[in-house]
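Let's take a look at the charged side chains here and how they pair up. Have the sequence and the 3D view open as you read.

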Amino acid sequence: MSVLLALALGQTIVPTADLPSASEDPCTAFPVRASQPESGPSVWTTDELVGITDIGAPVGTPNQSVFGVSPDGSQIAFIVHRANPAANAYCLRLLVAPMTGGRPAIEVARSGELIRDDFPLRGFTAILAGWPKTHTPQWSPDGTKIAFLRRKDGTTQVWLAGPSGRTEAAQATHLPDDVDAFAWSEDGSGLVLSTRPSIRLAAEAIASEGKRGFLFDDRFAPQAANRPIPTGSAAPHYHWVSLRDGSSRPATEEEVALIVAPRGAAVPGNARGFQAGPDRYSAWLEPEFPARILSPNRLVLRAPDGRREVCDSARCDGLRSLFWSSSERALFMVQRTGWADSQTALLRWDIGDSAPKEILLSDDVFVGCAANANELICGREGATRPRRLVAIDMRTGRERVIHDPNPHLANIRYGSVRRFQLRLANGVESFADLVLPPDHRSGDRHPLIVVQYRSRGFLRGGTGDEVPIQALAARGFAVLSFDRPDFPPEAYLATSEAELRTLSDDAWADRRQVQSALEMAVQQAIGTGAVDPARMGISGFSDGGSTVQFALINSDLFKAASMGSCCEDLYSFALAAGPQFTDYLRDMGYRYFEPDAETFWQPMSLILNVDQVDVPLLIQAADSEYEGGLDVVETFSHNGKAIELYVFPGESHVKWQPAHRRAMYERVTEWFEFWLMNRANCDSSRAPQYARWRTMDGAPAAEQLLCSVASSADP
């Protein structure tokens with residue numbers, strides 16, 4: 001028995017049981033080629049939303065290329081994933097499609113378990129994320145194999161598949177650590193790999209330390225783990241693995257360059273988005289004010305003779321990604337622009353021109369882009385259009401669809417979307433999208449649900465994807481998808497995270513600004529005549545959860561609320577996250593356990609304002625976070641307030657398990673229907689839920705409740 005396994009067994013001090021893993025392949029329920037529109041659904045339900053087939057990671061997560069093009073340019077390989085709530089697993093497929101998009105994509109391999117991304121957080125080495133790690137399938141130099149990452153039996157390795165799909169995929173590497181990135185060697189005889197063995201070694205050292213007990217120190221975050229968490233950086237190690245005999249050795253400097261392009265001494269250390277171009281040109285983004293943490297970026301173009309050309313034109317503001325054309329001396333760019341950066345522009349800068357020119361401007365979002373010849377290939381999604389893989393001609397802006405992973409949704413009825421532009425007194429911009437039911441008629445007034453805190457791309461479930469926008473609209477709600485404003489202007493002078501708060505005399509200036517923009521958006525929604533101001537609810541996750549708190553205390557707009565994480569308050573919030581987080585918050589000006597703490601927290605604390613908050617509150621939290629809101633839950637419960645907490649096991653901040661996503665969609669819909677529509681799902685499985693809710697203060701009486709036909713129900 002390994003040290004790690006022995007420690008895990010020793011942590012179970014109460015009776016527990018694990019459900020048996022689903023033996024059925026999660027892809028069995030889904031055909032390789034999705035049904036055509038005529039056989040698809042016409043009305044959105046939670047099942048349609050949770051079962052969308054995705055390419056790449058959600059908007060707002062690390063933006064990396066999602067496809068690989070064959071050496072002859074005729075085919076494109078990419079991975080799609082689709083949630084299967086019944087199996088609580090994902091169907092992942094490696095697909096190959098013709099670049100022309102003229103024929104359907106074919107499945108060449110199934111890609112195992114979901115590979116979750118990870119990220120460093122406040123000194124912790126690697127925290128697992130709730131979104132998939134984006135990785136690019138890569139073709140062998142001769143075009144006969146496709147290498148891709150596959151996770152099986154708890155390890156992520158490189159596998160090889162043939163582009164025809166007629167042969168089984170085979171595992172190519174067997175390293176002791178997960179593979180993070182890879183590239184083919186130039187002759188195709190091997191693979192260059194990147195791993196982080198220090199993560200495994202640190203975890204093993206901590207497991208051994210447990211024999212004598214753990215010192216409670218800055219390595220602890222109690223709500224995430226009941227043991228220390230590895231801290232510090234995890235430097236990548238690079239290997240070369242032979243495909244002939246499986247042998248491995250450290251990679252040479254030239255081989256490492258196949259994964260990490262060398263920048264050269266002329267590129268500053270704070271540059272990002274570095275791209276080496278043709279004829280020894282290169283380009284990157286660097287901060288205009290290096291000492292500031294919110295500095296705007298500027299585009300730098302470096303010529304072969306070492307000359308730097310900085311784009312000072314406003315045309316270069318808001319650049320996010322850079323790509324060199326593989327067929328011309330031209331730089332392609334993705335830009336955030338327009339009102340509150342709500343639009344995306346695609347730019348082209350031909351070498352020798354004085355400034356870039358705009359090729360395309362859209363309210364859509366473009367993700368996972370990469371250049372191929374004179375086209376930019378991206379995942380593209382809009383407010384009422386899930387993501388598709390498209391190729392955009394960077395001369396004309398014309399688009400062609402390479403692959404639509406959801407053709408069965410083509411005939412579905414969306415709620416209409418109207419965008420509101422908001423400007424605060426200090427000049428800061430924001431916006432919100434009002435979604436009305438598909439069958440809305442002039443004169444109808446609907447209960448309103450606020451969903452937050454970003455409103456970009458396909459209007460799915462808000463940040464965290466927990467509140468089903470289109471399904472709520474189909475159930476008769478108006479939904480206000482609110483995009484919070486950026487920080488107050490003074491925050492852009494900050495040189496540290498602490499200064500983001502302390503530069504203002506008001507510790508809650510950012511929260512007041514968000515509340516002001518929210519109230520403006522709600523009033524515009526009411527002003528359309530389509531919203532009933534007496535029946536409005538609010539939902540929020542992460543920063544949006546803080547917006548919910550502040551709104552419940554500082555306004556009387558809302559009659560019901562839901563949170564996906566809770567709560568930013570006096571006691572548990574800091575303690576559950578551990579000493580390092582508590583120190584971090586104090587550095588930012590928060591007050592904890594000091595004599596003046598209650599005065600500081602008065603505008604924000606649900607605990608201190610329990611007497612005045614009479615809004616029923618549903619909390620659906622991850623088991624790695626729920627402890628941070630226990631002080632609020634106990635205070636509200638003890639004072640007879642309507643509150644209910646659900647805890648989802650094995651979850652991260654952003655919840656990733658399909659069964660949990662469906663349950664959250666369904667429960668939040670039923671919660672708002674109960675409190676704002678006097679409507680109940682009368683499926684017998686829901687009886688205990690409504691028995692609890694009917695005992696809560698302010699709940700509708702049983703005779704006032706109308707039965708509704710649910711979109712789905714747990715067995």
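What follows is a quick tour of some salt bridges in this predicted model.

## The overall count

How many salt bridges does the structure hold? The tally comes to 50. A few of them get a closer look below.

## A linked set of charges

Six residues join up in a network of salt bridges: Glu328, Arg348, Asp350, Asp353, Lys357 and Arg395. One of the pairs is Glu328 with Arg395, whose closest N and O atoms sit 2.7 Å apart. That pair ties together distant parts of the chain, 67 residues apart. Glu328 lies in the loop between strand S20 (319–324) and strand S21 (330–337), while Arg395 lies in the loop between strand S26 (385–393) and strand S27 (399–403).

As for solvent, Glu328 is partly exposed because its relative accessibility is 23%. Arg395 comes out as exposed, since its relative accessible area is 51% and the cut-off for that label is over 50%.

The network also takes in Lys357 and Asp350, which form a salt bridge with 2.9 Å between the closest N and O atoms. Is Asp350 buried or exposed? At 17% relative accessibility, Asp350 counts as buried, because the limit is under 20%.

Terms used: Residues are numbered from 1 along each chain as its sequence is written. This is a predicted model: local features need pLDDT of at least 70, side-chain atom pairs count only at pLDDT 80 or more; totals for chains, interfaces and linings use all residues. Side-chain values use heavy atoms; hydrogens and water are left out. A salt bridge is a side-chain nitrogen of Lys or Arg within 4 Å of a carboxyl oxygen of Asp or Glu. Helices (H or I, at least four residues) and strands (E, at least two) are DSSP runs, numbered from the N terminus. Buried means under 20% relative accessible area, exposed over 50%, partly exposed in between (1.4 Å probe, protein chains only).
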